[in-house]
Each structure stands twice: as C-alpha cells, then as structure tokens.
Amino acid sequence: MGQEVGQMSLAQINHILKANEYSHTHPRGPASHGVLGFHSNLLPSNHPSEDRRSSATCLPGDGLLFGVFDGHAGPACAQAVSQRLFYYIAVATLSLRTLAELEQAVEEERAVPPLLEWHKHPQDHSCPDGGQISFHSLRTYWQERLDLEEEEDGRRVSSALVNAFSRLDNDLSLEAQVHLSIRGSLPGEAWSLSSPLRVALSGCTACVAHVSGGVLHVANLGDSRAVLGVQEPDGRWSALSLSNDHNAQNPDELQRILGEHPAAERRTAVRHDRLLGLLLPFRAFGDVRFKWSAETLRRVYETRPDVLSAVGEAARTPPQHYLTPPYLSARPEVSRHRIRHKDKFLVLATDGLWELMHRQTVVQLVGEQLTGLQQQRPIIPGADMTLGGLQRLLLDRKGRALSALEDQNAATHLLRHALGDDGYGGVEPKRLAKMLSLPAHLARSYRDDITITVIHLNEPDV
C-alpha cells in the first residue's frame, strides 16, 4: 500500500475515497421491505461540501427512506432539508390515529416516540441549532392534518411525498419571512447554517426513494437522478431511469416554465438554459429569490446585507426581469415502481456523478462488482488482436480486479471509476491521483461534489 502514484500513494488515494463511505445491512424480514441494505459515499469538491445524504427507517409508519441533496449558493438549505424532509414524509404518511397519539404526548409533556431511525455516517453533518423552530413547524403540519383531513384508506404515497416536499418548502419560506420581520441581526447569527434566512436564500435539489412492501416510489426535484439496475435473463445489465431532470435539457420542463409566465417573458424567463439566466435546476427547495414577491426581496437586499454575505456569491444580487414570481417550484415529480426479481439495485446520485458517467456505465460497474464477473470472464484474444491490444486487455483486467478488491462499497467503486476512468472501463491510478489532489480553488472547475447511495434490492443472479 505504500506504492506511490505520482505525488500520492495508493493508501492516500484510498483514505480520501473512503473517508465518507457508509454501509448498512437491513435484517431480513417484513421490516426490510425487500431492501437488503445500502452503500453510500460523498466526495466533496466545494469546501465545505454543498451535498448532503440521508437514510432512515420509518418507525411507527411504514417503509425505508433514502435521499441525496445537492445544495447551491452554500450548504445551508441542503443541510436543513436533509435533516427535516424525512420527518415531513413520516407525518404525511402516518395514520391520523398515530398523529393524534403524537399530539397527546406533546400536550402532556411526555416523551414523543421517535418517528425515524437514522442510518448515518459519523461524519455526516448534524446541526442542533434551529431545532425548536423546525419542531414547531412540523407539529403545526400534523395538527393541520388532524384538523382538516379525513382518514384515507391506504393513503397514497405519491400524494404524501408531494405534500411533504411542498409543505417543507413553504415552512422554510415562512420561517425566513418571520425571521426577517421580527429579528434584528444578532452577533454571528447570519453565519449560522440554520439561520432561516440563510437556509431560504440558498437552495437544494432532492432525489428521495421511499421503499415499502416491495413498492418503490421516487420523488425528484431538480437534476439529481434515480437509476434502477436491472439484470436481464441472459445476465446482461440494463439501466432504467426512475426520474427526469428538471432543467432546460428537458423539453417538457422548459415548456412548463414558459407556459406559467406571459408570452412577453419568453426571452427572459429562461436565458442561457438557466432560470432568469441564473439557476440551472427548474425545481428546488429554498431559493426564495425566485419565489418571493419583488417587494419582499427588496427588503432582504436593503436590510440584511449580513445574511447575503453569508450565502453563495450567486445569491447576493436580485434577479433581473423579475416580473411574475414565483418562477421556481418545489413540487416533486413522483414515479412508482413495483420491485421485480430482476431489479437488483437502485442508484441515487447528485449530478456530480452523472456529469462524469452515463447511467448504463454506472449500472454495469455496480452489477459487475456485485456478481464478480470481471474476475470470472476469460480473456479470449481475437484473431486480429495485436500485442498492444492484448496488453491493454490484461491491464484492464488487472485494474478491474484491483478496484473490485479495494472497494467492498459500491458507491466508492463508482467514485473511483468516475474520477479515474482510463477510457477502457478500468481505472488509471495517475489520473485518479491527479483528480483527488487538485487544490480547492481548481477542483470545482473539474468536478462537482458527488454523493451516491446504492440501495440493494435483490441478490444478483450469478
């Protein structure tokens, strides 16, 4: 392991790649909902990373939750959403009877039973500030469900996911407006990651999977992706997308945006493939500078320069041609899929991975790692193969075998290949070392933060 690759040893490469890897195995039985376990990893490019990830089991409810969150204009929104969204989903899916029991426990000042069992890496960010505000908002949500809603038989998960996303985004906005109207600037308050204004002025995309009773729902907001790894009867691997990107490359999404605003804004609502010429994703949490009224935004920019200085540079100036807000939505697109025997795993990843790797390559790499095919497949030279070609094949085999032995974690395996791809399906150690040793001010020019969660659904057929 002391072997040097350029200026970085293999041990150093592995230390960086594996620093944030995490895996969890679910015990077999009904409580696993058909999930064997998951592998996850996060590799920062920004410092601090603007990506977040979450994984949890719904305790009084039903199902498992997994999510990746890609922040922009700073990490504050992704931080808040990664910690709060699953609670909103739990409240949206729980029976009214269970919600009534929760409310009674709070009223009687008894301990509230936990809604979630988190599965977290020790280094995953936790931010205790702002807990009182977020609990008050969550309690108001379940109180409104109790007051306004009749019980639904088999409450639809799809509508619950939409309601949970939309309600959390609305609460983030309300908390920031209250904060704007009643609080002056406290020392250091603007710099707190949980400052409601800082959370609402930054933004994040989200891709969340809910698995329950053999049924998979994916709720997507923005340009992270969910891709299913399918093993065909002949052993080949195929990729099935369970999400759509919400950006200018999606013609339906582009037409949705243009159709929501007057014809006079066709040239300004989306410019240079960005919302108002500024934002790449067309759906996101936070980003209230694309949602609030022009008058409210004016108050922020005139009275809270302290908060503006704490968010990303892109969010420090008001958008131009801001005529008919809101321009940005936090309503997710939800897909439903009944898990089949041939569905072996689901990959959730932020756009940092998909910018570097095609979905079919991602599925192929995870599938081959799971089955060990790369070590079993014999090399049979073709009649027209040159010595150089055979040498390339042997080097490729060596790289794949080394990589498979290095990485028990499928998410780490993908990171290694995404950054060290040699063009032949293997890993070039020198390229990998170069990508990992880029100084902070250069790294973002070559790659984004990358967050990956691989959820194992069925054992592969070998």
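How exposed is K342, in terms of relative accessible area? K342 is partly exposed, at 29%. Here buried means under 20% relative accessible area, exposed over 50%, and partly exposed in between (1.4 Å probe, protein chains only).

This is a predicted model: local features need pLDDT of at least 70, side-chain atom pairs count only at pLDDT 80 or more, and totals for chains, interfaces and linings use all residues. Residues are numbered from 1 along each chain as its sequence is written, and side-chain values use heavy atoms, with hydrogens and water left out.

**Salt bridges**

The whole structure holds 16 salt bridges (a side-chain nitrogen of Lys or Arg within 4 Å of a carboxyl oxygen of Asp or Glu).

| Pair | N to O distance |
|---|---|
| K291 and D169 | 2.8 Å |
| K342 and E232 | 3.7 Å |
| D407 and R416 | 2.6 Å |

K291 sits in the loop between β14 (285-286) and α8 (294-303), and D169 in helix α5 (residues 157-182). The two are 122 residues apart, so the bridge links distant parts of the chain. Helices (H or I, at least four residues) and strands (E, at least two) are DSSP runs, numbered from the N terminus. Both K291 and D169 are buried.

K342 and E232 also link distant parts of the chain, 110 residues apart. K342 lies in the loop between β15 (333-338) and β16 (343-349). E232 lies in the loop between β10 (225-231) and β11 (237-241).

Elsewhere, salt bridges with shared partners join E253, R256, E260 and R283 into one network.

**Aromatic pairs**

There are ten aromatic pairs in the whole structure. Rings of Phe, Tyr and Trp (its six-membered ring) pair if their centres lie within 6.5 Å; planes under 30 degrees apart count as stacked, over 60 as edge-to-face and the rest as tilted.

F86 and W118 are stacked, because their centres are 5.7 Å apart and their planes at 5°. F86 belongs to helix α2 (residues 76-93) and W118 to strand β7 (residues 116-118), so the pair ties together parts 32 residues apart in sequence. F86 is buried at 0%. W118 is partly exposed at 24%.

F165 and F285 are stacked as well, 5.4 Å centre to centre with 25° between the planes. They connect helix α5 with strand β14, 120 residues apart. F165 is buried at 0%, and F285 is buried at 0%.

F69, F86, Y87 and W118 make up one aromatic cluster.
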